[in-house]
Number of protein chains: 2
Amino acid sequence: MSYDRARARTILDRARNEGRTSLSPDDSAAVCAAYNIPIPPQALASSASDAARIAGEIGYPVALKISSVDILHKTEAGGVALNLADAKAVEAAYEKLLVQARAYKADAKFDGVLVQKMAGGGVELIVGALSDPSFGKVVALGIGGVMVEVMGEVTFRLAPVTAAEARSMLDSIRGKEILAGVRGGPAANRDALAGLIENISHLVEDFPEVAEVDLNPVFASPSRAIAADVRILLDFAPSQERYRPRRDEIKRAMNRIMCPESIAIIGASAEDGKIGNSVLKNLVNGGYQGRILPINPSLDAIFGIKAFRSIKDVPGDVDVAVFAIPARLVAKVLPECGEKHVAGAVLIPSGFAETGNVDLEREALDVARRNNIRLMGPNIYGFYYTPMNLCATFCTPYNVRGKVALSSQSGGVGMAILGFSRSSKMGVSAIVGLGNKADLDEDDLLTFFEDDPHTDVVAMHVEDLKDGRSFAEVAKRVSAKKPVIVLKAGRTSAGARAARSHTAALAGNDRVYDDVLKQSGVVRAYSLNDMLEFARCLPLLPQPQGENVLIITGAGGSGVLLADACVDNGLTLMTMPTDLDQAFRKFIPPFGAAGNPVDITGGEPPSTYQNTIRLGLNDPRVHALVLGYWHTIITPPMVFARLAAEVVEEQRRKGIDKPVVASLVGDIEVEEACRYLFERRIPAYPYTTEKPVAVLGAKYRWARGAALI
Amino acid sequence: MSYDRARARTILDRARNEGRTSLSPDDSAAVCAAYNIPIPPQALASSASDAARIAGEIGYPVALKISSVDILHKTEAGGVALNLADAKAVEAAYEKLLVQARAYKADAKFDGVLVQKMAGGGVELIVGALSDPSFGKVVALGIGGVMVEVMGEVTFRLAPVTAAEARSMLDSIRGKEILAGVRGGPAANRDALAGLIENISHLVEDFPEVAEVDLNPVFASPSRAIAADVRILLDFAPSQERYRPRRDEIKRAMNRIMCPESIAIIGASAEDGKIGNSVLKNLVNGGYQGRILPINPSLDAIFGIKAFRSIKDVPGDVDVAVFAIPARLVAKVLPECGEKHVAGAVLIPSGFAETGNVDLEREALDVARRNNIRLMGPNIYGFYYTPMNLCATFCTPYNVRGKVALSSQSGGVGMAILGFSRSSKMGVSAIVGLGNKADLDEDDLLTFFEDDPHTDVVAMHVEDLKDGRSFAEVAKRVSAKKPVIVLKAGRTSAGARAARSHTAALAGNDRVYDDVLKQSGVVRAYSLNDMLEFARCLPLLPQPQGENVLIITGAGGSGVLLADACVDNGLTLMTMPTDLDQAFRKFIPPFGAAGNPVDITGGEPPSTYQNTIRLGLNDPRVHALVLGYWHTIITPPMVFARLAAEVVEEQRRKGIDKPVVASLVGDIEVEEACRYLFERRIPAYPYTTEKPVAVLGAKYRWARGAALI
């Protein structure tokens, strides 16, 4: 698409000079023309007779719309007349509109009355663009009328969008079936609609001062998509760009921070219960093999480790400085860290922006920038990186190594991560506290984890994204390689209010988050426990090779619930091919149920489980298995667990590795059986039919987002 | 409302005689008139000139609609012309309609063309009635157009409805805001709309043969609600009434079954591993104090207990007979049970309808009816009733007494109930297997649990309701006294298909279930684990006295997630009164967050938790507390648990007993703390912010359904 940028530039510059916050109808029309956004023929009339003359020129029927910067909702103001068929009707409507609009707002300033050729016919939609506090310019699409007005059903994408992204929006809206025509009505022209979205996205991208564009309604017919009403709002205040080092700079700093050769503890203490004491102990007891450098103005050694009065006294450079001193002292010590070329300062202390001390945080950040130091926190528990045996935290040490990296913006959630990990024996590569995120944030972490051979999946608790656009960019790249799971807190308006009072972060519109995260390939978790279980299970599950999920169950009742859960989690229950159905029937009793779920019935011996699971794994048309086990005397829990693991491992040796999850219903022995299965990379849960399917669903969401299936 | 039933009767009788499956437009109009259902003036025309004549009589503008029993979707067939302004237009439209309709369906039979005064204007809705396989006659309401067509957003009620119930439907539909007028448009007349629903509900109630009524569209304006199109479908096949004894009969039988003085085990066995052996052992080892009567044709005694060749040999009457013999023998033995006046036969064996042997099940039921025996099952694990130390099952015994009664239609889910109960130390009064539900079903159980002093809450796993209407009636009565929780399996179409293959039960439309269960005061659980956790927690939580929920949290991050969970679960976050806010501020640091959640911050000593929890409990404006604990060195998990329990118990002693739930985030010590709190009636969960709020939400849903708040 080529756009007439110069024309739009001229109009916007004039609007700026005139101090306008929105464009007049004429200017809006000109901008639309410059960006190939079709609108009906129209002109502004200054009198009733003028309106009739214009109508005669552009052709009947026409609509009349009051034009005033002071009236945003023209219909409510009685400022709209539709379907006017002749000059008499136009003149009468002109006068009536003015009277009604004045009654609605006596002091409103009027540009005149817009005369517009009726554009109706086709599907009514809303297309728009706005500036999101986290993500910047985004475009929006919704079905018009009740769907948007009452239901708020809108889908978003980051601007600018490609034609393919614009088309994907047409498939993302609830009620999208209407685009294909309803009750035999005509379908909307998808290309025209996608083109409209694409053009609007370039307009707001090209001109940051275009804060909001509202095309409402847009009528999409088989031949075109035309915007019957256009509103363009302006904001000339410069937007603040968040600091973004180059990717190689981020990587260099993050590598030094996560894999340091030396760590200084500013405020190391010999006194039990002090944070500077706990951090030092954890570094030592955790088994960190690099240089540990306690910094304390009055001690020569702590726990037999040589201490320094100042970091400046340390010979050579230092990679990381963990701060365990009061907030007000941080900015004073940072320059000394700069002298020692510290790559990252881990700011444990609270008392910054989260308690209202915004300036103190700002000051620390400024000093850090000047000294080329990245800041982690402040207001955090620190971080763990198990490949280095590194526990740079005041919490208890953690040493179960694994492939899961987690981060949290809140210390409480960090403690939940720690407890859950220990309880479920989840192997982790890293647990990182991000706190106020004065500087380092999720995209910095992702940039490190992207190439970290010790990390296979990243799970992040997020209250706000300071720079959602950068996050989306990095997450898209990373999630193509390894799953990125995000728990976005403050989903609801009440939650968002709580988030604001907590971190002074402006929680973005959750629908924008939802759409952008999905587009970035991120697996969104909607609850804390889901985030934790997804993190635990996704590295265990192999990548699915297709959408066909098969349920094999000993309990018909579980089969029903597992099928419900598959639908809830967007999984596709394989349509059972006749030959495979016949093959299964050889193993199950004649009254076992056909199709999917395969109901092997409860009275069956271990061999039936074994044979059917093997069959499911062996058939290339089956891509994932959901097992429903039912505790019976004939096949007790541990017998099932051993045989299921045996068959799965036998197939893995043959190179067949499909995702297998299991729901075990039975007496408490099923708990041990679940542990046994988990240790063999088969996520298995007792007393729930939902959780195992939810983790399988999360794996599928990732694979789809990464375009692997 | 008075209706002209005689007139409707005449029309329907004629339709029956004519073998019609739907009413003609004239007959539909007459039935509508008889039931005060407003439709526009209309008449059937047999020629173009006839149409013009009729239009002249009823007044322009008019609509023309093809009338044919063979064409259901008139618009798709090109069989509708709207807004015709004069005779010429009517005549032209008449011919065009016929041509189009014939092109659509060449062999369609035409009654003629309906000429109808245009009824448009106002909000477009759909009102209807249908016969649901589980619930019988139900009425439906939805916003017209896309909302119903594409989104399927409809609300249902059992017919007949009261005026109040009809009005409640207006508040239940998604998009209901449109009824109040959109963009300043006029509001719909709620009374007229409710009246229309009420009338239609009586029509289908009065005439069972009216299988379906479709008023689509209905236009509701400020002055009226009028049905622009009416379709009435007929089905003269008599509906099958399910067997329903009188309530006192049910109670008498159920009391004898659940609290028997004697139990015979048909097929008692001395051989380990046999079901008849397990049942006998469980009865003995479970500590059942009534007469245990092993029935075995070839043994004199089992485990030293006198055995009988036949139940007929037992002296005196017998209350319950547990069947542990093959399915094909059941019907043969039932008459002998009849002779001993057995109240209930517990049919453990499978091999009935679930394996296709529908006749065998039918036969057993017929014999049982003739012998006045109620059947539990078949195809079940049996049942437990702990107040009697009664384990009439082949599963392992269970003896943790408590106030929760549970039932399941599936054996697998029954085993999940058992394992979960044991693992969580959930006290139960009863666990009952219902299996195929040949006879006894959920409403029989509810009728017993209703007056059972040992039961405070009932949780049921349901795959289908054989008689949803009776269930709704009983559930409504019972849930006013104690919570009834239902997990409906087969919610999704895939799940429903699985349910059909499992129990041959036709899963009803899930939206009908959802609405009717809600109207009956039932707390619906949407997952197995939720059902179990709700069952466990609801008896622990006191009844809330109002809607104000307050979150007190040590972790701001948890506070955000807890607030999200409150919204997800329909809870109201209390708006913090200024004086109470001030009172809280006395206890928390100056940077702790104001409002709700009360964020006491993580660095606080035990006394801060103690003081704030006490304040929340003491203030009468606060009705429930959600506690968010964060593991810190200053306040370790068990310290928190003890102090929280102490404050709650101190207030209980003073007569203040409010629902309190807790989310504990921290290292694994929080698990012990949760157990400690649970034992003191404070539902508490580690590593999740969702579950404690979900159980509080369930308690609130119950209290609202029972009109207690």
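## Helix packing and backbone details in a predicted model

Helix H10 (residues 327-339) and helix H11 (residues 358-370) of chain B pack with their axes 9 Å apart, at an angle of about 10°. Angles under 35 degrees count as roughly parallel, and H10(B) and H11(B) are therefore roughly parallel to each other.

Just after H22(B), the backbone has a feature worth a look: Arg681(B) takes a positive phi of about 65°. This residue sits in the loop between H22 and S30 of chain B, and Arg681(B) is partly exposed, with a relative accessible area of 29%. Asn389(B) also has a positive phi, near 50°, in a residue other than glycine. Its place is the loop between strand S18 (382-385) and strand S19 (390-393) of chain B. With a relative accessible area of 26%, Asn389(B) is partly exposed.

| Cis peptide bond | Omega | Loop holding the proline |
|---|---|---|
| Tyr60(A) and Pro61(A) | about -10° | between helix H3 (48-58) and strand S2 (62-67) of chain A |
| Tyr60(B) and Pro61(B) | about -5° | between helix H3 (48-58) and strand S2 (62-67) of chain B |

Finally, here is chain A as a whole. Its secondary structure comes to 23 helices and 30 strands, and its C-alpha trace spans about 90 × 80 × 40 Å along the principal axes. Of its 709 residues, 61% count as buried. Among the contacts in chain A with a separation of 6 or more, 71% are between residues 24 or more positions apart.

What does the surface of chain A look like in numbers? Chain A exposes about 25700 Å², with carbon and sulfur atoms supplying 51% of that area. As for charge, chain A has 79 positive and 83 negative charges, and their mean positions are 2 Å apart.

Key
Residues are numbered from 1 along each chain as its sequence is written. Chains are lettered from A and ligands numbered from 1 in the order in which they are written. This is a predicted model: local features need pLDDT of at least 70, side-chain atom pairs count only at pLDDT 80 or more; totals for chains, interfaces and linings use all residues. Side-chain values use heavy atoms; hydrogens and water are left out. Helices (H or I, at least four residues) and strands (E, at least two) are DSSP runs, numbered from the N terminus. Buried means under 20% relative accessible area, exposed over 50%, partly exposed in between (1.4 Å probe, protein chains only). Contact means heavy atoms within 4.5 Å. Accessible areas come from the Shrake-Rupley method with a 1.4 Å probe; for residues, only the protein chains shown count as cover. Lys and Arg count as positive and Asp and Glu as negative; His and the chain ends are not counted. The place of a charge is taken as NZ of Lys, CZ of Arg, CG of Asp or CD of Glu. Axes are lines fitted to C-alpha atoms, for helices over the stretch in contact, and angles run from 0 to 180 degrees between N-to-C directions. Angles under 35 degrees count as roughly parallel, over 145 as roughly antiparallel, 65 to 115 as roughly perpendicular and the rest as oblique.
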